[in-house]
Amino acid sequence: QVQLVESGGGLVQAGGSLRLSCAASGRTFATYAMGWFRQAPGKLREFVAVISKSISTTSYADSVKGRVTISRDNAKNTVYLQMNSLKPEDTAVYYCAASAVFTTRHEFFESWGQGTQVTVSS
């Protein structure tokens, strides 16, 4: 169990960039795979990206591949989501989450942040 707090969301024009951060409390951050998910109004929670407990492995949803980069700094207990070339369909609440295993399935993530709103205007 880790406590997660997202930040960095906001309003941006289509084609712009945002960098989301997720700060974790606790001594076990480095033992978790960390993921980003998003949820738009009326839609299911959607996988965005995940990174292994090291930096050796990452996975991205097809919808964001090439535009998004997930990274982590275990010394700072922080995971990041750099988003470029943003589109209106990227508008959603973005959540970071921690999992004991490397997976894209939300049901395996045991800890979740409160979310940060990303709005992309057209």
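**Group meeting talk: a walk through a predicted model**

Let's start with S85, which counts as partly exposed because its relative accessibility is 42%; here, buried means under 20% relative accessible area, exposed means over 50%, and partly exposed is in between, with a 1.4 Å probe and protein chains only. S85 sits in the loop between β8 and β9, and it has a positive phi of about 50 degrees although it is not a glycine. By the way, strands are DSSP runs of E, at least two residues, and helices are runs of H or I, at least four, numbered from the N terminus.

Some housekeeping. This is a predicted model, so local features need pLDDT of at least 70 and side-chain atom pairs count only at pLDDT 80 or more, while totals for chains, interfaces and linings use all residues. Residues are numbered from 1 along each chain as its sequence is written, and side-chain values use heavy atoms, with hydrogens and water left out.

Another loop residue worth a look is N77, between β7 and β8. N77 is not a glycine either, yet it has a positive phi of about 55 degrees. Is N77 buried or exposed? Buried, since its relative accessible area is 17%.

Now to the inside. The largest nonpolar core has 36 residues; a core like this is a set of buried Ala, Val, Leu, Ile, Met, Phe, Trp, Tyr and Cys residues joined through side-chain atoms within 4.5 Å. The ones with the most contacts inside it are M34, W36, V79, L81, M83 and Y94. Which strands each supply at least two residues of this core? They are β3 (18-25), β4 (33-39), β5 (46-51), β7 (68-73), β8 (78-83), β9 (92-99) and β11 (116-121). In soluble globular proteins, nonpolar side chains tend to be buried together.

Take W36 from that list. It is in strand β4 and buried, with a relative accessible area of 0%. From W36 to H106 you go 70 residues in sequence, but 9.5 Å in space, C-alpha to C-alpha.

V79 is another one. Leaving aside neighbours within four places in sequence, V79 is in contact (heavy atoms within 4.5 Å) with a list of residues including F29, M34, W36, I51 and C96. S21 is on V79's list too. S21 lies in strand β3 and is buried, at 18% relative accessible area. With the sequence neighbours within four places set aside, S21 is in contact with V5, E6, S7, W36, T78, V79 and Y80.

On to the rings. The whole structure has four aromatic pairs, meaning Phe, Tyr or Trp rings (the six-membered one for Trp) with centres within 6.5 Å; planes under 30 degrees apart are stacked, over 60 edge-to-face, and the rest tilted. F37 and F47 have ring centres 5.8 Å apart and planes at 70 degrees, so they are edge-to-face. This pair links distant parts of the chain, F37 in β4 and F47 in β5, ten residues apart. F37 counts as buried at 1% relative accessibility, and F47 does too at 15%. Ring pairs join F37, F47, F109 and W112 into a cluster.

Last stop, the largest pocket. Lining it are 13 residues, with R38, K43, E46, E89 and D90 nearest its centre. By class, that lining has three nonpolar, three polar and seven charged residues.

Technical notes. 1 Å grid on protein atoms, 1.4 Å probe; cavity = no way out; pocket = protein on both sides within 12 Å on 5 of 7 lines; lining within 4 Å. Nonpolar A, V, L, I, M, F, W, Y, C, P; charged D, E, K, R; others polar.
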